[in-house]
Amino acid sequence: MKSENIRAIKLVRSTSKLGKAPGHIGYVGLKDRMPSRISLFRYDKNDVMEFVVDSEIDSFDSSYCSLLNVIGISDESVINDVGKAFALNNLLLEDVMDAFQRPKIDEYENHIFGVFKMVYLDAQRKVIIEHIALNLVPNGVILFQETEEDVFDGVKSRIKNKHGRIRERGADYLFFALLDAIVDNYYVVLEDYRDRLELLEDEAHENPTKETAKKIQVLKKEILRIRKWVFPVKEIIVRLLQSEHPLMSKDTKLFLRDTLDHITEINEDIQLYREMATSIMEIYMTQMSNKMNEVMKVLTVIASIFIPLTFLAGIYGMNFEHMPELHYKNSYFILWGVFVAVGVGLLIFFKRKKWL
Amino acid sequence: MKSENIRAIKLVRSTSKLGKAPGHIGYVGLKDRMPSRISLFRYDKNDVMEFVVDSEIDSFDSSYCSLLNVIGISDESVINDVGKAFALNNLLLEDVMDAFQRPKIDEYENHIFGVFKMVYLDAQRKVIIEHIALNLVPNGVILFQETEEDVFDGVKSRIKNKHGRIRERGADYLFFALLDAIVDNYYVVLEDYRDRLELLEDEAHENPTKETAKKIQVLKKEILRIRKWVFPVKEIIVRLLQSEHPLMSKDTKLFLRDTLDHITEINEDIQLYREMATSIMEIYMTQMSNKMNEVMKVLTVIASIFIPLTFLAGIYGMNFEHMPELHYKNSYFILWGVFVAVGVGLLIFFKRKKWL
Amino acid sequence: MKSENIRAIKLVRSTSKLGKAPGHIGYVGLKDRMPSRISLFRYDKNDVMEFVVDSEIDSFDSSYCSLLNVIGISDESVINDVGKAFALNNLLLEDVMDAFQRPKIDEYENHIFGVFKMVYLDAQRKVIIEHIALNLVPNGVILFQETEEDVFDGVKSRIKNKHGRIRERGADYLFFALLDAIVDNYYVVLEDYRDRLELLEDEAHENPTKETAKKIQVLKKEILRIRKWVFPVKEIIVRLLQSEHPLMSKDTKLFLRDTLDHITEINEDIQLYREMATSIMEIYMTQMSNKMNEVMKVLTVIASIFIPLTFLAGIYGMNFEHMPELHYKNSYFILWGVFVAVGVGLLIFFKRKKWL
Amino acid sequence: MKSENIRAIKLVRSTSKLGKAPGHIGYVGLKDRMPSRISLFRYDKNDVMEFVVDSEIDSFDSSYCSLLNVIGISDESVINDVGKAFALNNLLLEDVMDAFQRPKIDEYENHIFGVFKMVYLDAQRKVIIEHIALNLVPNGVILFQETEEDVFDGVKSRIKNKHGRIRERGADYLFFALLDAIVDNYYVVLEDYRDRLELLEDEAHENPTKETAKKIQVLKKEILRIRKWVFPVKEIIVRLLQSEHPLMSKDTKLFLRDTLDHITEINEDIQLYREMATSIMEIYMTQMSNKMNEVMKVLTVIASIFIPLTFLAGIYGMNFEHMPELHYKNSYFILWGVFVAVGVGLLIFFKRKKWL
Amino acid sequence: MKSENIRAIKLVRSTSKLGKAPGHIGYVGLKDRMPSRISLFRYDKNDVMEFVVDSEIDSFDSSYCSLLNVIGISDESVINDVGKAFALNNLLLEDVMDAFQRPKIDEYENHIFGVFKMVYLDAQRKVIIEHIALNLVPNGVILFQETEEDVFDGVKSRIKNKHGRIRERGADYLFFALLDAIVDNYYVVLEDYRDRLELLEDEAHENPTKETAKKIQVLKKEILRIRKWVFPVKEIIVRLLQSEHPLMSKDTKLFLRDTLDHITEINEDIQLYREMATSIMEIYMTQMSNKMNEVMKVLTVIASIFIPLTFLAGIYGMNFEHMPELHYKNSYFILWGVFVAVGVGLLIFFKRKKWL
């Protein structure tokens, strides 16, 4: 079921870190541990280079803009190496390796560090939530991600494209571009939710079954849970816009304003979809109760017509010796007339009352 | 169905722009692409001129107040030409061409740029939502709109009227007048909603059917959705009022305060209508359940009267050899008396209990 | 129906002003047009004079405190004359003549202008909503009202009373006194609502009928609608208290704090009454469902007792040749025993289950 | 009924003060008028004196800390005398005599004036709401209360106790101590509510009757109404804490912070109890509907078993000449077998479906 | 029942402290009184010492970082001794001994005092709520707790570990570490709630019984109540972060930001779980009503089929002399045909209507 993945995200948190010192570096998450792999993009207006980093990690060359991409966050030694090369705080490294960390932004003296959740649909349209850490340092960005899979293809191809604007701008623009890609992908999941909402709405109107209720509830729960990872991002971007940090230029903030617009819209849409799910549940309940009412009405009408008639028939089934009607020649036929009259009369009565 | 149009507005967003660089200029929307047409109004106290612009676009003549009206936003070359003529930012042009852009206001050094949704009813009273971009530049306003159809006839006729106050005032007043016309038209849609709410309320009270519930839900959904486009406008106007931008004069802000009053009222009304829709749904549910209760009561009364009587008749239909009552001369008639007595007794009982 | 009047208030707005320039002066409202009548109160510590003004209007004499009372707001020429005499802005005059204008306060350089809704019960306890505009100018107040009927009798009699404190104070105190009278009258309507709520609560508890639900819904709608006109007043008074306008003295603000207390209480009460209306609707639903349950229980008990008995009787009504029981002498009487035993047994069973 | 007292509190407001000038001094309330009685406590570190004041009232002696206790607020002459002795504003005296006045705090140049509602349970555990006015003046506090009954016994005994800290501190500490006693007593009423909520919760779970719903609704209404008098107190204490008034010392504010904690907790509890009341109503509805469902199931099962059997019996009660089964020797016994088989079969079917 | 413990926490408050002076020191709580035991940890980079303190208490040695751990808060003399040794305010000591005190933080000139609730699961997974007071003084922390049981094992073992970072840092880091341990343990209780929610959700979907509703309500109430103790902690940490108190270093605030992240997440989760509990209740109601509908449908179908058939059979059970059908040879068999036809016809009708 689609919601499994989201549910799983929260399962280990409380037990795995309890009693550990803050700043203790160790992987917290649900993925299998695997060795991290590091690649490095280095570009300026004229050149783009891509390296696989497997020896020592150096800090960034100041004549380029660099993107250090660390794939896999469960390998403590690699994370530690990166931390040493860029003089990163232990608290920060702890957050890098904690797949349950809530989205946040922390400004340090000479870098800006953010944690986000990348949300996307895989090939089976299952919602995947992945932990991302972005670190804006002088002359580049360090990007930590849990798996190979990501939403940064667009950014990378724009880096490779000689005429891309990204090539002419600094590390803060790269930081923004990666964040923007993350936010833009929220739309994909929201669109999936909207499609399902609309299918469910039609189902609730046209053909409500027990399954419909369950599906609405599952979707509602998914929306409740995705909200947790997406809502804090707005506050983060607002804080970035207000920040006076020297690494974040005015120019890039102009672009960030656009991202703020998007995340604002996304947050509003999440709220909207929740209200719509509630609305659809209401439609479902109404339809179910309408359907039930119809069933009950048929019983009412059939029972109300035949119960009195059966009584009448019962009377002439009695074995009293002295029942004059039994001996009249036409009583049987007259009684049939009464049967029909009573039946038709009740039918008309029900019709008038608009019960049929 | 009326809600179709609103639903459609959101359909392409996520897929069409994913992976594009911010500031990438290209049409995003649901309309067919068509060449843009440009017209230019130029007026001062004494003269009004109207041109069709089909050659080069110049920046505005400082001795007049000008309105450059670009109809059709899917023609990239024209949008680009306008952008170059007035030195407009690419991010801004992107917003101009994105029919899904949320309402917003951005202040640039020498112009103020706003995106709005024009909402109006067409001839078939269908709700039309159209993307509008307004750009206040020195000596004039650039107005981008999706189609020929708009809500600015009043403004244009006031420009043509020699004694209109608009003729004596600057570009910021023109900007305000266009914005005010957009906001005023929200009232028309709200009035349509109110009319439908009142019809539905009467229907829910007098003659609730399954269709009623559906109509209430559709209306509620429409209100939820229109809210998305109208709510942000209030914040925009508040920001305009607080702005210290040299292009926006104190005098014009006096008029904008009025527009703020209107949009505040509109937002409150949208909330009010939502609450009313919920209320009407409640009325509907109550009415349906009352109706059902009435149906059930009739069954109860008929069954409760005739089931015991049928039992009595059943007794004397038994074929025991020794049933003394069968041989008494008057038992049949006495039994009829019992039938009537029991029936009437139960009827009185039910009447007393106020079930009839 | 009581709610008619409130509903009507909103009907023309959208169509009547669409496309008009802001500041266009013309009556907007539902009352018949009639010529305005103007009267002037002029008082100081020693004297009170009352004039009917039918010639030219002068600005106020600085040695008195004056109240210019314009009754009827549909007469453009009179409103214009007043405007000229006191150099009033066109936007302000437009608000004076617009009976749909939302409550607001605007501070101008040398006057303070406020729009309010006077709400009171007429002789038939119908809720009347009337448009009021108050303009505090140097040495006096201009009061515009729609009809003769108003809530200012108390203020006027205090002016006429030689020892009234109002006689010793300036125009700002008069402004406050009129505003205070408007706010105090909101209590009357609220009291009417509370009385109706309490009647409805009793009705819902003791004797709920279909009418009860309708009455609750109507009251809830009325409360929703009155809220619209009363809620903005609190913000207005807060703004007056914060204002540094020279026409508003510190001393008078002391009194205004009291009015703020009152309007705060009124707003809280409106919220409270809404919650109570919802609560009463809940009571109604519970009572209806309890009532229905009782009806259903009776059917259940009667049917559950007699259906099995009828089956038993049916058995011995069968015509098989070989049914030994038919020929035993006492079977009929034994069967009666069974009937009674089964019936009583089921009754006891139901009693135990607390269904009776 | 317990709620009577609370309901009564609001009854006269709107009519009794309408049209009176602000600052008009006169009793507004529901108690019988009675002459006020005044007593005076005067204490310092060494001495405590208690006087009955029946002649002239003097302002406070500066070498002691004094508490002037005015019992009964309907005696205008006494209130006026006190007002004159301490140079109190008429607006203030009006609030003293208005038992409907909302809780508030007003700072004057040389005194701090507060209105509160004392809430306590009387011997019959009925909720009593009483109007209290506290006036902190130099060297003492003036305390106005409606009746003899109050919650200040603790404070008074601490004054009389030679070692009480209150004896060493100034008038502002006395003011705080009285306010603290009022706030502490809110806990008593809340505790009563909580006890009733818990009883109702058990009742709703174990033995819901029609009375249960009524009791829940009454309690909910009481909570809604008590909220009105208690909620504003938090804001008042916050304002006192922020106040720079010379009469309120820093030391006393340290104690007031504790009172703020308490009132914050009380307000949260009131909200909590409202939510719990709603929750209990839900439990009640669920239980009632479960109970009804059980009743309906029994009908269903009995009817579903016996209706088909009755039909079978009916068949063999028919009088056709040619019904072969009637003549077989064992048909009657076979039919009994069928009866049992059908009955048991249906029972098993229902059991499987978990309807029994 | 699990909720017992939580419910008990509030029971004595109102009666036990009423009328006592603020700052009155005395135990308020539900635990049995027992003598307090005091132990002292004293550590620096090189050494850790642990003492049992049973004679006089000294203030802290400035060359170490100390943790004074007072277990048991009902022993007034010990609390008073500690108070004297560190010159603590009486108001503070009152809060230490009041197990019902709401979480709070108070900054004094030379110490920072906080009250919290420690929440953990005992061996039987029962929720235990325990009162904790933390006092940050120069060179150490004073920790008051109700019982031996606590959540500080991790902190203590990190103190004992020579390489723990805590050994190199000051008293404010120790204060933070204890607070962090308290907050981290909230996750354990939340996880327990989440597990129960998920079990209940499955139960509501698959096998809803009357018990399910009760369990959901109990859980909802527990969440409502735990919220009361956990929610204020966020505000406390925010205030600590904004504090300029010299005892709280910038470095430690860096760690506190992490704790803020956690408590924010915890508060959001509590809200989320409440919404989920409401959602599950909805699922339960839907399932119950679906189940009931199914039961009713079976009755409807059986009754609707057999009632008309029984009527038919009843007709031919009548004893009229002249009933021609009775004498035809095949009428009985034809009637059987009619029975089958009507029965099958109705079945098909119901099938078509999707009632089966």
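This is a predicted model: local features need pLDDT of at least 70, side-chain atom pairs count only at pLDDT 80 or more; totals for chains, interfaces and linings use all residues.
**View 1. A:Arg125 in the loop between strands E5 and E6 of chain A.** Strand E5 spans residues 112-121, and strand E6 spans 127-137. A:Arg125 lies in the loop that links them. Its phi is near 55°, a positive value in a residue other than glycine. Most residues other than glycine have a negative phi. A:Arg125 has 12 other C-beta atoms within 10 Å. The cut-off for exposed is 12 or fewer, so A:Arg125 is exposed.

**View 2. A:Asn139 in the loop between strands E6 and E7 of chain A.** Strand E7 covers residues 140-145. A:Asn139 is not a glycine, yet its phi is positive, at about 70°. Buried or partly exposed? A:Asn139 counts as partly exposed, because it has 17 C-beta neighbours inside 10 Å.

**View 3. Helix H8 of chain A packed with helix H7 of chain B.** An angle over 145 degrees counts as roughly antiparallel, so H8(A) and H7(B) are roughly antiparallel to each other. On H8(A), the contact is made by A:Glu268, A:Leu272, A:Glu275, A:Met276, A:Ser279, A:Ile283, A:Thr286 and A:Asn290. On H7(B), B:Lys210, B:Ala213, B:Gln217, B:Lys220, B:Lys221, B:Leu224 and B:Lys228 take part. By class, this contact has five nonpolar, four polar and six charged residues.

Methods
Residues are numbered from 1 along each chain as its sequence is written. Chains are lettered from A and ligands numbered from 1 in the order in which they are written. Helices (H or I, at least four residues) and strands (E, at least two) are DSSP runs, numbered from the N terminus. A residue is buried if 20 or more other C-beta atoms lie within 10 Å of its own, exposed if 12 or fewer, and partly exposed in between; C-beta atoms are placed from the backbone. Axes are lines fitted to C-alpha atoms, for helices over the stretch in contact, and angles run from 0 to 180 degrees between N-to-C directions. Angles under 35 degrees count as roughly parallel, over 145 as roughly antiparallel, 65 to 115 as roughly perpendicular and the rest as oblique. Two residues are in contact if their C-beta atoms, placed from the backbone, lie within 7 Å. Ala, Val, Leu, Ile, Met, Phe, Trp, Tyr, Cys and Pro count as nonpolar, Asp, Glu, Lys and Arg as charged, and the others, Gly among them, as polar.
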